[in-house]
Each structure stands twice: as structure tokens, then as C-alpha cells.
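Subject: Structure handover

Dear colleague,

Here is the structure I said I would pass on. My notes on what was found in it follow below.

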Amino acid sequence: MNHAVEARNLIKRYRNFTAVDNISFDVVEGETFSILGENGAGKSTTMRMIACRSPLSGGSLKVGNFDVMKNGREIRSMIGIVPQENNLDPDLNVKENLLVYSRYFRLPKHSIDKRCDELLDFIRLSDKKDAKVDHLSGGMKRRLVIARALLHKPKILLLDEPTTGLDPNVRLEIWEKLEELRSVSKLTTILSTHYMDEAEKLSNRLVILSDGKIISDGVPREIIQSNVKKYALEIRGLNAAEASFNHPKIIMQKRGSTHIYFADSMEVLTPLLQRFAAKQPILRPSNLEDVFLQFVKN
Ligand SMILES: Nc1ncnc2c1ncn2[C@@H]1O[C@H](COP(=O)(O)OP(=O)(O)OP(=O)(O)O)[C@@H](O)[C@H]1O
Ligand SMILES: [Mg+2]
């Protein structure tokens with residue numbers, strides 16, 4: 001199995017603050033890999049080191065078999081970057097934003113126009129190609145930044161929070177585009193997110209960061225299976241006396257005004273479902289958010 005990224009004991013310090021604290025992980029070629037974590041966990045810092053935009057304070061980092069400390073130019077030509085903030089040029093229209101960026105990569109002149117049109121078509125913005133960037137919606141801007149990152153046909157795409165702040169429909173649209181890229185062009189995709197559902201849906205494997213450290217890593221389903229019970233029953237608005245329930249196969253957790261009962265089979269939860277039917281309980285499979293909250297709680 002070829003690795004697109006190999007990070008070993010990676011460290012990033014800002015003065016005496018450690019933002020990334022001795023993390024090791026591999027990204028396999030062609031997979032979608034997520035870096036998951038709450039605000040300040042170290043996601044963008046890790047992405048910037050992979051993109052050769054921030055030097056390491058310790059450890060080693062290889063991207064496509066090149067060392068980020070020695071081969072920045074080679075690495076930059078093989079990665080496409082979607083930064084956390086859209087940094088489009090507001091003075092240029094949609095297509096001009098792509099054309100100007102293509103100059104950084106010295107793409108052959110005769111093919112640039114065609115490549116831009118192809119990408120505008122891919123992100124469904126062909127009819128907006130003459131529009132000012134300021135007139136685009138948040139989702140359209142995000143799609144344009146993704147197209148821009150693909151101009152030079154990178155082998156690895158880095159997306160720092162691709163869908164933060166976008167509404168659910170637009171998020172779905174972006175997810176579809178990323179799935180399409182994975183299946184059609186076998187692109188290795190590394191994305192950071194604080195949306196557990198996004199990481200669970202899109203990634204083959206992931207790491208969860210907290211305070212710069214990896215607190216869990218692996219295949220999303222396996223992380224869920226090995227850390228929490230299979231089903232979760234959510235009930236809102238119970239008082240402490242009502243909520244109290246002792247059963248050897250059920251684990252109870254309180255999150256704000258919601259009580260969550262975890263068990264490995266639905267049958268075990270059935271008596272609770274019946275008892276609290278009037279409270280409109282929700283029975284669902286456990287998810288990454290359950291894992292994450294369990295780690296953060298501890
Ligand atoms: N240039 C910098 N100088 C000093 N501290 C920094 C710098 N960049 C990041 N940090 C600190 O490093 C930590 C990790 O920041 P980072 O931006 O990597 O987090 P993140 O996981 O991307 O968070 P978010 O979800 O908010 O984007 C934070 O505590 C942040 O304040
Ligand atoms: Mg960030």
C-alpha cells in the first residue's frame with residue numbers, strides 16, 4: 001500500500017505553546033482521510049504543515065515520498081489546497097479567478113481556457129463565469145475554491161473545513177462532488193472538519209485530534225464499534241428521578257437536557273422506549289459524535 005502522507009512524531013510549537021503534539025499517521029493513496037476535532041484542536045496547523053506552508057518544530061513528514069523540509073516545490077505542485085477561509089479575488093470575476101491562479105502553476109497556455117471551462121462545468125458554475133465573486137452565495141464560493149485547487153490536476157487535495165457555515169443542501173452538494181472526485185480521478189483527499197457526520201460519511205479513515213494529540217484513529221465504523229455501544233436512545237426533558245435506570249447492559253449519559261441510553265441491542269432499549277413514549281424518544285445507531293463526546297467528557 002502506497003502512502004500519500006507519512007507523519008511521524010509531528011510537532012508544531014508557537015513559542016512555548018504546542019499546537020500539534022507528537023502525532024503520527026499515514027494517509028493511503030486514493031483514500032479520503034479526515035482530521036477531526038473541535039476549535040483549536042490543531043487541524044489547520046497540521047494541514048499547513050502538509051501543504052509546506054508552516055515548518056515543523058519536530059518529527060518528520062513525507063508527502064508523496066518527498067520530505068516537506070527539503071522538497072517544498074515538488075510537494076506544492078502535487079497538492080491542491082482549499083484553505084479554511086475563501087481567499088478569492090473580489091476584483092475579478094469567477095473565471096478570471098481561475099485564470100489568474102493557473103499562472104502560479106505555469107500551465108500550458110493553450111489548455112488553460114479549456115481546463116477552466118471543464119472545472120466550471122464540474123462545479124456547475126458555467127452560467128456564473130462572468131459574475132463578480134461577491135455576487136456568489138457561500139456555497140458557490142466554496143465550490144469555486146475547490147475548482148481552483150483542482151486546476152493543475154493535483155494528486156492530493158487538502159480541504160480545510162470544506163463545508164463549515166454552509167446549509168445542509170449545499171453541504172450535500174459538496175459531499176457529492178468530493179465523492180465523484182474520489183471515484184473518478186482516484187484523488188487522495190485529506191479534509192479537516194468538526195462535523196462528525198461529514199467525517200463519518202466521507203472518510204475511509206480518520207484521526208480525532210484534541211489539544212494537538214490524536215485521541216482516536218481508524219475506520220469510522222470501527223472507531224464507533226470499539227468505543228460506544230451500538231444503539232442510542234435519546235430522550236429530552238427527563239428529571240433526575242425519571243431518568244435513573246439501572247440495567248447491566250445499558251449505559252446512560254446526560255448531555256444538557258437530554259439523556260442518552262446506549263445498548264448493543266434494540267430489544268434491551270424497548271422497555272425505555274415504551275416507558276417514555278410520551279416524550280418522543282429517538283432511537284438511532286450510535287455515531288462518531290457519541291465517541292467524540294465520550295472522549296471529551298473523560
Ligand atoms: N500562527 C499562530 N501563532 C500562535 N498560535 C497559533 C497560530 N496558529 C494557530 N495557533 C494556535 O494553535 C492551536 C491550533 O490552531 P489550529 O488553527 O490548528 O486549530 P483548528 O483545529 O484548525 O481550529 P478551528 O476549528 O478553529 O479552525 C490554537 O490554540 C491556535 O490558537
Ligand atoms: Mg482550522
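This is a predicted model: local features need pLDDT of at least 70, side-chain atom pairs count only at pLDDT 80 or more; totals for chains, interfaces and linings use all residues.

A charge is taken to sit over a ring if NZ of Lys or CZ of Arg is within 6 Å of the ring centre and within 35 degrees of the ring normal. Arg171 and Tyr195 give another case, with the charged end of the arginine 3.9 Å from the centre of the tyrosine ring, over which it sits.

Tyr101 also belongs to an aromatic cluster, which it forms with Tyr104 and Phe105.

On aromatic pairs in general, the description rests on the distance of the centres and the angle of the planes. The structure holds 4 such pairs. Phe25 and Phe33 make a stacked one, at 5.4 Å centre to centre and with 15° between the planes. Both of these phenylalanines are buried.

Phe245 and Tyr261 are arranged edge-to-face, because their planes stand at 85°, with the ring centres 6.4 Å apart. This pair links distant parts of the chain, 16 residues apart: Phe245 is in the loop between α9 (240–243) and β12 (251–255), while Tyr261 is in strand β13 (residues 258–263).

Of its 6 residues (188–193), 6 are buried, so the strand is largely enclosed by the rest of the structure. Both faces are covered: Thr188, Ile190 and Ser192 are buried on one side, and Thr189, Leu191 and Thr193 on the other.

Which strands pair with β8? Strand β3 (residues 32–36) pairs with β8 in the parallel sense, over 5 bridges. In that pairing Phe33, the residue stacked with Phe25, stands opposite Ile190. Strand β7 (residues 156–160) is also parallel to β8 and pairs with it over 5 bridges. There, Asp160 stands opposite Ser192. From β7 the chain passes through helix α6 (residues 168–185) to reach β8, and this β-α-β crossover is right-handed.

Regards

Definitions and conventions:
Residues are numbered from 1 along each chain as its sequence is written. Chains are lettered from A and ligands numbered from 1 in the order in which they are written. Side-chain values use heavy atoms; hydrogens and water are left out. Buried means under 20% relative accessible area, exposed over 50%, partly exposed in between (1.4 Å probe, protein chains only). Helices (H or I, at least four residues) and strands (E, at least two) are DSSP runs, numbered from the N terminus. Two strands pair if DSSP finds at least two bridges between them. A crossover is right-handed if, with the strands pointing away from the viewer, the path from the first strand over the helix to the second runs clockwise. Rings of Phe, Tyr and Trp (its six-membered ring) pair if their centres lie within 6.5 Å; planes under 30 degrees apart count as stacked, over 60 as edge-to-face and the rest as tilted.
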